[in-house]
Amino acid sequence: MGTFKGKRIIPKHDGVWNQKKEYEELTIVLDAESGDGYISRKPVPAGTVLTDTDYWSLCSHFNAQMHRLETDVAEDVEEMHTDLSETKASMSKEISEAESRVSTKVSDAQTAMQKTEDAMNTAVEQLNKRLDANVTASTDSKADYAAELVDVRVGQDGTVYPSAGEAIRGQYSLAVENGITGAKLALAGSNGNLGEVFPKAAMPALLGAKCEAGEFLDYRITGTTDYGQFYHRFTNMLMGKFRKYLFISKIREISGSCAGVSCYQYDSKGVNLNTHVTKAIRVAHGSEIYVVFFGEILENAYRLDISPCVARKEAVIECDSRCVLLDVTGQSDDELQKVLSLISSSPVEDSILQYYDTWGIAGKVMSVPYADRTGISDQTREMLGNVAYGCPAFSEMIPFSSKFQEKDTTYAWAKAAVTRSEDWGVFGGARLSGLAAGKYLVFGRVESVETDDAQLGEVSIGIIEPGIPNWAKRMPCGTLNKATLPFQMNLVYEYAGGKDNLNFAVQLTGSNYTSFVVIMWVLNVTGLSNEEIDALSHSSITERASAVKNATHAILAEKAEVAVKADHAENAETAKKADHAGASDTAEKAVTAGYAELSGSWKGKKALVIGDSITAAGKWQKKLEELLGMNVATHAKGGIGILRMTDGDNGLDGTYNAETDKKGVLRPLMAADVEGVSLIIVLPAYNERATVLGSVGDCYPEKESICGRIQYLLNRIYEELEDAGNLTCHVLVATPHCAGKYPYVDADGYEEYPVGTGQTMEKLSDTIKAVAQANNVAVCDLWHESGINCRTWSVFGAQKNAVNEQYAKYQLDASGKVVGSTPQRYVNGQSYYQKRNGSIVLEKYTGSSPYPFNGDQLHCSTEGYARIGECVVGTVIRTFGK
């Protein structure tokens, strides 16, 4: 029976009822069929059924319990549903925001934590080695144990600890702390994209100072009071979530000194909320100084005026136009103090300062466009503020179903000839590879059409994106009439990024024409309002590559009259000349007047330039037109070597006709090309860096060397001059300039290439110079005299940034960890892990260049080509006279 406990009897539980079994009094059993429970009233003989009430009594009803349970559960579930409905939206929002924040920082944090782990492991390994050595020494009868323990107490940095144990724990903790600081530093930099926070960024302003163009940095500030300041001005309503900043910029003290830094904050009504700077440091780097400081941003702040220098009266300070502004909201002052301490105690190359030049939208430097380098004018203040929005970030611009006649790779501008090859018409334009995600405004202007008919087919402008059938976006613009040319169109396209290239094209339908010429121009308008984009869309495309930069700046200035002048600038060097052209119909007249005295005896004479892609770009030779007044013809093609410059793509005995011309096949140099020419300039060998140099006296085909090929080149030029009866023609050889890396060669001009040969671009240039001088031919030494070098590649190179971050330089694994120790060579068709929008993806490479992670700093910007042309003109005048 049950158990007695005090005055109570506790019934006995005997599991599932068995009819063949006897049961004691007060025994509880379970009916397996009904789920009900029964308790025995008295001893129960075997064979007694549960329904016999003399022996059994119902003590629990399963169906009633279940009903009660179901009722309770239903009520609870409904209440839970109500609670979940109320919280689901807010939870989803919070989770989404949290996931977004975490995903953007995980990659950088993982990298930093890996470095932390490596540092910790290294420290532990060093300590283990020292402890192992001490243990080993303890078995040595000659060991000095006291000395061993004293040695253990001395840390790696020289700190003496009270005991061996504290030494071990202290150094381990230091390694962890340094690692955490490094990780926080990485997280601080992970959101350092100025454009994400401020769509209108960095407008310069002055207070108590005057400004002019700088000699070393962009702006030279002279204090007219004891607190002369140059501000980077930021205005945006998104500051509501931005509570703490970290600011970095660069200055150079010419004379006098700085009183400090400032960050004045203003509300939406312009009320000064005072300056807020918590801590500032200065890091000297050569003759320049990095200024780094952080502080709070007030809740009602609408505008920040941040100054990297407060100049004393009469002090002269030069300031960089670029700056980096990081959102470090959420980090404590102590943590940021550690960050600043780490920056100040580390070489620039090992701290976040090393990324100063490449921070920004898709790697674009956050810099303020400068009007004419004569001072900060009203025009400059009214600019949209950031050149990154005008100039797309991309790795390469090539023709798309067309052939470029002119191009400017810095400003994504190209003049292309499109040949109709189908009855339904044809499309063509420009292809940008490695293009960053963003919003783009593309212009297309049909300049001319080769046809006898006045009425043509439908014209349209559009985007072709890999992976999207047909057109990703296309806008028909009506029927084209030859009488209304030039005809301009534009289109806005939001690009998600991640593709190898994006194609910008114009299509003209119909079969009653043979070809048309179109100008394509792409502007980055990410972050601009619809009103601002609409204002830009009414801008007129420039007709010449030499005026693109000026027109870009003029358009961003929102000055319609200046934009028109820049549009008509044609050969003008700067928009300033166009602006001051006065009564001239175009600035070309002003330019001609300005250079009339220089041109002298060369004016109107013919010049022929020979070369590869540096010459085929058609830019540096324009200085012969502008400064000497010469008529220039170009015999060049991208990618060719020395021999093809004179012997053509198919060799001297190859076939050349109208069909090969249409395909872009370069013809051999002929007597007709040099007839009546007064000056021949050849710029060879950019594609011959892997060819052995050889010795002066070599000649192709007996000697396959640079010396042999240059000698052959000169021989061929003089052969054609002799056949043309023009041996009085002046011949000038220009050496390659000092070039940076580019996607096809992973070595700059200073580096040995190919590896193990001892050859450099300087040796290549010296060799070319020696062969020319041995033939009594004049030389323009671009390597030594152009001023293009590693310090100026960011100005004179085709791309400002040496690195294209769209592609990983070193091999990555699936987690994004670097597993390769040497730069990887990309192969078309193979797949590589890449970082895309905070994730690691396996991506098939469809490009042709083996090193797409390099920016193009072999080819030149507009300024770079101008510098080459000026050097060539200077050599012509110095050698042959005016």
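Author: Ala-685 has a relative accessibility of 1%, which means that this residue counts as buried; the cut-off for buried is under 20%. The model is a predicted one, and every value below is computed from it. Ala-685 sits in the loop that runs between strand β32 (677–683) and helix α17 (706–723). Its phi is positive, about 85 degrees, although the residue is not a glycine. For background, most residues other than glycine have a negative phi.

Of the 18 residues of α17, 13 are buried, so the helix is largely enclosed by the rest of the structure. Just after α17 comes Gly-725, with a positive phi of about 65 degrees.

A positive phi at a residue that is not a glycine is found at Asn-776 too, where the value is about 55 degrees. Asn-776 belongs to the loop between α18 and β34 (778–780). Its relative accessible area is 72%, so Asn-776 is exposed, whereas Ala-685 is buried.

Two peptide bonds also deserve a look. As a general rule, most peptide bonds are trans. The bond that joins Leu-485 and Pro-486 is cis, with omega about -5 degrees. Pro-486 is placed in the loop between β26 (473–481) and β27 (487–495). The bond from Tyr-753 to Pro-754 is cis as well, and its omega is near -5 degrees. Pro-754 is in the loop between β33 (730–734) and α18 (761–774).

Next comes a residue in a strand. Phe-294 is part of β15 (residues 288–296). With a relative accessibility of 0%, it counts as buried. Leu-246 is 48 residues away along the chain, yet its C-alpha is separated from that of Phe-294 by 4.3 Å. Beyond its neighbours within four places in sequence, the contacts of Phe-294 include Tyr-245, Val-277, Thr-278 and Lys-279. Asp-333, Leu-336, Gln-337 and Leu-340 are among its contacts too.

Those four residues fall within helix α5 (residues 333–345). The helix has 13 residues, and its first and last C-alpha atoms are 18 Å apart, close to the 18 Å expected at 1.5 Å a residue. Leu-336, Val-339, Leu-340 and Ile-343 are buried in α5. Seen down the helix axis, the buried residues of α5 fall within an arc of 95 degrees, so they line one face of the helix. The general point behind this is that an α-helix has 3.6 residues a turn, so residues three or four places apart point the same way. The face of α5 turned away from its buried side carries Asp-334 and Ser-345, which are exposed.

Another helix, α21 (residues 862–880), has 19 residues. It reaches 27 Å from first C-alpha to last, close to the 27 Å expected at 1.5 Å a residue. Its buried residues include Tyr-865, Ile-868, Cys-871 and Val-872. After α21 comes Gly-881, with a positive phi near 90 degrees.

The second largest pocket holds about 1400 Å³ of space. It is lined by 46 residues, and those nearest its centre are Lys-407, Ser-613, Ala-616, Lys-637 and Gly-638. Elements that give two or more residues to this lining are β20 (396–400), β21 (403–408), α12 (613–616), β31 (631–636) and α15 (658–662). β21 gives the most, with five residues. By class, the lining has 18 nonpolar, 14 polar and 14 charged residues.

Finally, the chain as a whole. It has 21 helices and 36 strands. Buried residues make up 47% of its 882 residues; Ala-685 and Phe-294 are among the buried ones. Among contacts between residues at least 6 apart in sequence, 69% join residues at least 24 apart.

Notes. Residues numbered from 1 in each chain as written. Predicted model: local features only at pLDDT ≥ 70, side-chain atom pairs only at ≥ 80, totals over all residues. Heavy atoms only, no water. Buried < 20%, exposed > 50% of the residue type's maximum accessible area, 1.4 Å probe, protein only. Contact = heavy atoms within 4.5 Å. Expected span 1.5 Å × (residues − 1). Arc of directions from axis to C-beta. 1 Å grid on protein atoms, 1.4 Å probe; cavity = no way out; pocket = protein on both sides within 12 Å on 5 of 7 lines; lining within 4 Å. Points joined across faces, edges and corners; volume = space filled by probe spheres on them. Nonpolar A, V, L, I, M, F, W, Y, C, P; charged D, E, K, R; others polar.
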